[in-house]
Amino acid sequence: MEKFIQNLVKSHFEANYQAFITFIRKSFPLNGDEITDIYNDVWIDVIENVRRGRTERVLNWKAYIFGLGWKRAYKTVTRRTDMDSIDCNESCEVLYQAYCMKEAERDTSHMDHLRRIESLMEGMEGLPEKHRAVLTLYYLKGMSTAEIAESLGYSGARTVITMKKRSVNLLRERMQAVA
């Protein structure tokens, strides 16, 4: 079974290798070694996610692999920069969203998913800045609660967890009011 999983993942990775490298190179200021490391890390992540049953709903493997790569590349770049200058509306997110839209146009089954994401993004725009910042850093940038606490000046990770719960509840209320 293990070999089957590795061969399945390998076929998707080999088919998208050059496109993956080009996508990351165009989206982030990384060198070749860093991009290769990201590619290898994503390979391991996908195998682990398949083993754990986290990929059952994946319809577009290319978009899935690129999304994981984008998150890893983004973490690599943001860890290099000064954590005090965090901008929740950075151009990398815009590039990633544009890429997702292009992929979704090719595969119409993703359009509903992207509409939900777009709706969530619009709902987040209406949130107060502190709520929006916590949700952006946690869900879009993949930062841990400890990293968020440090970067936003909160007393600890527990405070961020509470703020995240409040933010999600507030977003849920706003989304239900719109629907």
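Student: Which residue does Arg 72 form a salt bridge with, and how far apart are the closest N and O atoms?
Tutor: In this predicted model, Arg 72 pairs with Asp 41, with the closest N and O atoms 3.8 Å apart. The two sit in distant parts of the chain, Arg 72 in helix H3 and Asp 41 in helix H2, 31 residues apart.

Student: Ok, and how exposed is Arg 72?
Tutor: Partly exposed, at a relative accessible area of 31%. Asp 41 is also at 31%, so it counts as partly exposed.

Student: What salt bridge does Asp 45 make?
Tutor: Asp 45 meets Arg 72, at 2.8 Å from N to O. That pair also links H2 to H3, across 27 residues. Asp 41, Asp 45 and Arg 72 are therefore linked in a network of salt bridges.

Student: How many salt bridges are there by this rule?
Tutor: The count comes to 4. Among them is Arg 52 with Glu 48, at 3.5 Å between the closest N and O atoms. Arg 52 is exposed at 54% relative accessible area, while Glu 48 is partly exposed at 26%.

Student: Switching topic: how many residues are in the largest nonpolar core?
Tutor: It has 23 residues, and those with the most contacts inside it include Phe 20, Ile 24, Phe 28 and Ile 65.

Student: Which helices supply at least two residues each?
Tutor: H1 (2-27), H2 (32-51) and H3 (61-80). The largest share, 9 residues, comes from H3.

Student: What lies apart from that core?
Tutor: Another core, of 7 residues, including Met 143, Ile 148, Val 160 and Met 163.

Key:
Residues numbered from 1 in each chain as written. Predicted model: local features only at pLDDT ≥ 70, side-chain atom pairs only at ≥ 80, totals over all residues. Heavy atoms only, no water. Core = buried A, V, L, I, M, F, W, Y, C linked by side-chain atoms within 4.5 Å. Buried < 20%, exposed > 50% of the residue type's maximum accessible area, 1.4 Å probe, protein only. Helix = DSSP H or I, 4+ residues; strand = E, 2+ residues; numbered from the N terminus. Salt bridge = Lys/Arg side-chain N within 4 Å of Asp/Glu carboxyl O.
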